[in-house]
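Me: I would like to learn how to read the packing and pairing in a structure that is new to me. Could we go through it together, feature by feature?

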Amino acid sequence: MPNQKHTLFVCTTCGGKWQDGKRVGESKGEQLLQQLQELAQNSELHNQFCIQGVECMSACSHSCVIAFTAEGKSTYLFGDLPVDGSTSAILEGANLYYAKADGLLPWSERPEALKKGILAKIPPLNKWANLNVSCC
Ligand code: FES
C-alpha cells in the first residue's frame with residue numbers, strides 16, 4: 001500500500017455565479033466537493049486521500065475541474081465534469097490512482113467520465129532528479 005500523501009483537489013470556483021463583482025450562491029464546484037466528501041466518507045478513500053477544495057486551477061472554461069496529485073506520481077488535471085453523475089467516476093479514478101505505485105492512469109483503465117476530460121498530465125518532480133538535465 002502506498003504511504004505517501006494523496007490529494008484530490010476540487011475547484012470550488014468552477015460554475016460559480018457572479019453579481020456586481022461578488023460570487024453569489026453555491027458554485028457547482030462547491031456542490032461537487034460536498035458530494036465527493038460525503039461519498040468518500042463511506043469508503044476506504046477517506047483514509048487515503050485528502051479531498052481539498054481550491055480556488056481556480058486555471059482551466060475555467062472546462063468547469064468542473066479536479067486534480068489527483070501525490071509525491072512521486074504524475075499529477076492529473078481533469079475537467080468538463082458535470083456535478084451530477086461525476087462523483088462515482090472521480091472516486092473510482094482516485095482509487096485507481098492511489099493503488100498504482102507510479103500513479104499512471106491509462107486511458108483504457110479510467111472510468112468513462114475521466115476518459116475525455118483530461119486537461120493535463122504533469123510528471124512528478126523526482127522523475128527528473130537523477131538525470132543531468134539543465135533547466136532555466
Ligand atoms: S474557476 Fe475552476 S478552474 Fe478556474
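Me: Which residue in E7 is the bridge partner of Thr75?

Reply: Please keep in mind throughout that this is a predicted model. The partner of Thr75 is Ile122 in E7, and this pair belongs to the antiparallel pairing of strand E6 (residues 75–78) with E7, which extends over four bridges.

Me: How many residues lie between E5 and E6 in their hairpin?

Reply: Four residues lie between the two strands, and in the turn Gly72 has a positive phi of about 85 degrees. E5 and E6 run antiparallel and are joined by three bridges, with Ile66 standing opposite Phe78 in E6.

Me: How should I read the way H1 and H3 cross?

Reply: Two packed helices are described by the angle between their axes and by the distance between those axes. Here the axes of helix H1 (residues 28–41) and helix H3 (residues 83–99) come within 10 Å and cross at roughly 45 degrees, which means that H1 is oblique to H3. The crossing of the two helices is right-handed.

Me: Which residues of H1 and H3 meet, and how do they divide by class?

Reply: From H1, Lys28, Gln31, Leu32, Gln35, Leu36, Leu39 and Ala40 take part, and they meet Val83, Ser86, Thr87, Ile90 and Leu91 in H3. Sorted by class, this contact of H1 with H3 has seven nonpolar, four polar and one charged residues.

Terms used
Residues numbered from 1 in each chain as written. Predicted model: local features only at pLDDT ≥ 70, side-chain atom pairs only at ≥ 80, totals over all residues. Axes fitted to C-alpha atoms, helices over the stretch in contact; angles between N-to-C directions. Parallel < 35°, antiparallel > 145°, perpendicular 65-115°, else oblique. Left-handed = near helix turned anticlockwise from the far one by under 90°. Contact = placed C-beta atoms within 7 Å. Nonpolar A, V, L, I, M, F, W, Y, C, P; charged D, E, K, R; others polar. Pairing = 2+ DSSP bridges.
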